[in-house]
Amino acid sequence: METLLIILAILFILPILAGWFFRRKIVVVESKTINSPPDVLYKKVQDLTSWQEWSAWSTHNDPALAVNFGDRQQGRGAVLEWKGSKMGKGKLEITGAKPNKELVIDSGFHTNRFKVQHQLLFSPNDTGCHLIWKATVTTKYSSVARLLGRLFMRNLRRDIQIGLQLLAQIA
C-alpha cells in the first residue's frame, strides 16, 4: 500500500515539477498560399463579423458559441468576445493594422490563462497571396499553466490550419 502511495505521489508531482522547465512563451507558425489578392484577403480577415465564415474559433467548432462585438468590427480597435460550451470564454482585439500587409490580434482564452498574439502577414505572389500566421502564446507563471500550454498548442496549431484552409476556400 505504501509503495502505491509513493508511486501515485510521484506521478502527480512529476508533471508539476516538469512544467517549471517549459518556457512561458511558445510560437506556432503556419502559412498557406491562397488564390486571392492580398487586399481581398486582408479585407476579409480584418472584418471580425466575417470570422464565423472562416475561423476555427466559430460555430464550426462550437455550435453553442455566442459572439459579441465591440464598437468597432473592422481594423485596429475592433473587438470580438465569445462564450461557448466547448471554447469557453475569450476575447480578441485587433491591436495593429498595416492595410494589405499585416494584422496583429491579441486574444485571451480561458479567463486569460493563455494569451495569444497573432501576427498575420500578407505577401503577394504569382498565384495570389502567401499568408503567414504566427501565434505567440504566453502562459501564466505556474508550472501547471506551462504544462497545459503545451497541450493548448496542439489545438492552436490545428485551429490555425483549419482557418487557413477555410480562408482558401472562401477567398
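This is a short tour of one protein chain, stop by stop, for use with the structure open in a viewer.

**Stop 1: the whole chain**

Start with everything shown. This is a predicted model. The protein chain holds four helices and seven strands. Read along the sequence, they follow the pattern α-β-α-α-β-β-β-β-β-β-α. Of the 171 residues, 39% count as buried. The chain exposes about 9,800 Å², and carbon and sulfur atoms supply 57% of that area. Among contacts between residues at least 6 apart in sequence, 52% join residues at least 24 apart.

**Stop 2: colour by confidence**

Now colour by pLDDT. The chain averages 83, and 76% of the residues score at least 70. Which element has the lowest mean pLDDT, and which the highest? Select helix α1, residues 2–19: its mean of 60 is the lowest among the elements. Helix α2 has the highest, at 94. Where pLDDT is low, the predicted coordinates should not be read in detail.

**Stop 3: helix α2**

Select residues 38–45, which make up α2. Show the side chains of P38, L41, Y42 and V45: these residues are buried. They lie on the same side of α2, because they cover an arc of only 100 degrees around the axis.

**Stop 4: the nonpolar core**

In soluble globular proteins, nonpolar side chains tend to be buried together. The largest nonpolar core here has 33 residues. Select W51, W57, L120, F122, L131 and I160, which touch the most other members.

Leaving out residues up to four places away in sequence, W57 touches W51, L65, M87, F109, H118, W133, L156, D159 and I160.

**Stop 5: S58**

Is S58 buried or exposed? S58 counts as buried because its relative accessible area is 0%.

Look for a polar atom of the S58 side chain: the backbone oxygen of S55 lies 2.6 Å from it. Beyond the residues up to four places away in sequence, S58 touches W51, Q52, L65 and M87.

**Stop 6: the loop between β2 and β3**

Go on to Q73, in the loop between β2 and β3. Q73 has a relative accessible area of 30%, so this residue is partly exposed. Find the backbone oxygen of G70: a polar atom of the Q73 side chain is 2.9 Å away.

Next, select Q74. This residue is in the loop between β2 (66–69) and β3 (79–84). Its relative accessibility is 41%, so Q74 counts as partly exposed. Which residues does Q74 contact, leaving aside its neighbours within four places in sequence? They are Q46 and D47. Zoom in on D47: its side chain is joined to that of Q74 by a polar contact of 3.5 Å.

**Stop 7: N100**

Select N100, in the loop between β4 (88–98) and β5 (102–109). Most residues other than glycine have a negative phi. Phi of N100 is near 65 degrees, a positive value. N100 is partly exposed, because its relative accessibility is 32%.

**Stop 8**

Select β6, residues 114–125, and find Q117 in it. Q117 counts as partly exposed because its relative accessibility is 39%. Show D106 too: a polar contact of 3.0 Å joins its side chain to that of Q117. Beyond its neighbours within four places in sequence, Q117 contacts V104, I105, D106, K134, A135 and T136. T95 is 22 residues from Q117 in sequence, with 9.4 Å between their C-alpha atoms.

Finish at T136, in strand β7, residues 128–139. T136 has a relative accessible area of 18%, so this residue is buried. Neighbours within four places in sequence aside, T136 contacts K25, I26, V27, K115, V116 and Q117.

Notes: Residues numbered from 1 in each chain as written. Predicted model: local features only at pLDDT ≥ 70, side-chain atom pairs only at ≥ 80, totals over all residues. Heavy atoms only, no water. Helix = DSSP H or I, 4+ residues; strand = E, 2+ residues; numbered from the N terminus. Buried < 20%, exposed > 50% of the residue type's maximum accessible area, 1.4 Å probe, protein only. Contact = heavy atoms within 4.5 Å. Polar contact = N/O pair within 3.5 Å; in protein donor to acceptor, adjacent residues only side chain to side chain. Core = buried A, V, L, I, M, F, W, Y, C linked by side-chain atoms within 4.5 Å. Arc of directions from axis to C-beta. pLDDT = per-residue confidence, 0-100. Areas by Shrake-Rupley, 256 points an atom, 1.4 Å probe, with all protein chains shown as cover.
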